[in-house]
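Here is a short report for a reader who is new to this structure. Look over the sequence and the model before reading on.

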Amino acid sequence: MFCGDGFLPLIIRIRDGMFDPETTELAAGLVRIVRMHDRETAVHLDATSALARRIANAMQLPIDVVMTIELAARLHDIGKLGVHRDVLQKAGPLTTPEWGAMRMHTEIGAAALQDTPKLAFLAPIVRAHHERIDGEGYPDGLRGDEIPLESRVVAVADAFHAMTSALTILAANAGPQFDAGVVETTLTLLHYGRRKRFSIAS
Ligand SMILES: [Fe+2]
């Protein structure tokens, strides 16, 4: 499944140092720094990266593209290092200025990667991970195929993890906050029943 046009680009990218151990370790180090700033974001980066790799594999993309997507997903929210922790961890809705600061994470992340030679190839992917097919996304309002395919995969993995995280929170609060039976019925309805993924305290 990864033959043909898959291996040659990979060999070229390995030759050019894009996927050498130093690159992987550099990315891992950045995620460790993110963890110190905001643990939730680091957890999200790890989960999104794993899911994005699975999606890319299932799409039968060439192996070098799969690896690029995995690495880009691992760093897609790296720009949140430039967003104040009070905004990242705010429990209630964000104000307009706070939302503006939050949206800047795409540009901050891309700029930081662009200035890091081993990771610069990820900058356009990271910059575009909040673009939308209908052109209503940010920061550039790209639409459809203007959005890099790698960004489109990261965007779906990103959103899916955010959604399943919300379901995990729902399950964790079944009992003290929400009616446990209603939550269990809801999660089962959504195919996320007790036995499948979440444990509901009762
Ligand atoms: Fe993001």
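Glutamate 40 counts as partly exposed because it has 13 C-beta neighbours inside 10 Å. The scale works like this: a residue is buried if 20 or more other C-beta atoms lie within 10 Å of its own, exposed if 12 or fewer, and partly exposed in between, with C-beta atoms placed from the backbone. Glutamate 40 sits in helix 3. Its C-alpha atom is separated by 9.2 Å from that of leucine 88, 48 residues apart along the chain.

This is a predicted model: local features need pLDDT of at least 70, side-chain atom pairs count only at pLDDT 80 or more, and totals for chains, interfaces and linings use all residues. Residues are numbered from 1 along each chain as its sequence is written.

## Overall make-up

The protein has ten helices and zero strands. Helices (H or I, at least four residues) and strands (E, at least two) are DSSP runs, numbered from the N terminus. Along the sequence the pattern reads α-α-α-α-α-α-α-α-α-α.

Of the 202 residues in the protein, 31% are buried. Take the contacts with a separation of 6 or more: residues 24 or more positions apart account for 58% of them. Two residues are in contact if their C-beta atoms, placed from the backbone, lie within 7 Å.

## The largest nonpolar core

The largest nonpolar core has 30 residues. Such a core is a set of buried Ala, Val, Leu, Ile, Met, Phe, Trp, Tyr and Cys residues joined through C-beta atoms within 7 Å. The residues with the most contacts inside this core are Ala52, Ile69, Ala72, Leu75, Leu122, Val126 and Val154. At least two core residues come from each of helix 2 (21-37), helix 3 (39-58), helix 4 (63-75), helix 7 (105-114), helix 8 (123-127) and helix 9 (149-172). Helix 4 gives the most, with eight residues.

What does alanine 52 touch, not counting residues up to four places away in sequence? Its partners are Ile69, Glu70, Ala73, Val153, Val154 and Ala157.

## Helix 4 against helix 9

The axes of helix 4 and helix 9 come within 9 Å and cross at roughly 50°. Axes are lines fitted to C-alpha atoms, for helices over the stretch in contact, and angles run from 0 to 180 degrees between N-to-C directions. Angles under 35 degrees count as roughly parallel, over 145 as roughly antiparallel, 65 to 115 as roughly perpendicular and the rest as oblique.

Helix 4 passes helix 9 in a right-handed crossing. A crossing is left-handed if the near helix is turned anticlockwise from the far one by less than a right angle, and right-handed if clockwise. Helix 4 brings Val65, Thr68, Ile69, Ala72 and Ala73 to this contact, and helix 9 brings Glu150, Val153, Val154 and Ala157. By class, the contact has seven nonpolar, one polar and one charged residues. Here Ala, Val, Leu, Ile, Met, Phe, Trp, Tyr, Cys and Pro count as nonpolar, Asp, Glu, Lys and Arg as charged, and the others, Gly among them, as polar.

## Helix 2 and its partners

Helix 2 and helix 4 have axes that come within 9 Å and cross at roughly 25°. That makes helix 2 roughly parallel to helix 4. Their crossing is left-handed. Ala27, Leu30 and Val31 of helix 2 meet Leu71, Arg74 and Leu75 of helix 4. This contact has five nonpolar, no polar and one charged residues.

Helix 2 also packs with helix 3, at an angle of about 145° and with the axes 5 Å apart. Val31, Val34 and Arg35 of helix 2 make the contact with Arg39, Thr41, Ala42 and Leu45 of helix 3. These residues divide into four nonpolar, one polar and two charged.

## Points in the loops

Is isoleucine 147 buried or exposed? It counts as buried, because it has 22 C-beta neighbours inside 10 Å. Isoleucine 147 lies in the loop between helix 8 and helix 9. Leaving aside neighbours within four places in sequence, isoleucine 147 is in contact with Ala128, Glu131, Leu142 and Arg152.

Proline 139 is also placed in the loop between helix 8 and helix 9. A cis peptide bond joins tyrosine 138 and proline 139, with omega about 10°. Glutamine 60 is found in the loop between helix 3 and helix 4. Its phi is near 55°, a positive value in a residue other than glycine. Most residues other than glycine have a negative phi, and most peptide bonds are trans. Glutamine 60 is exposed, with 10 other C-beta atoms within 10 Å.
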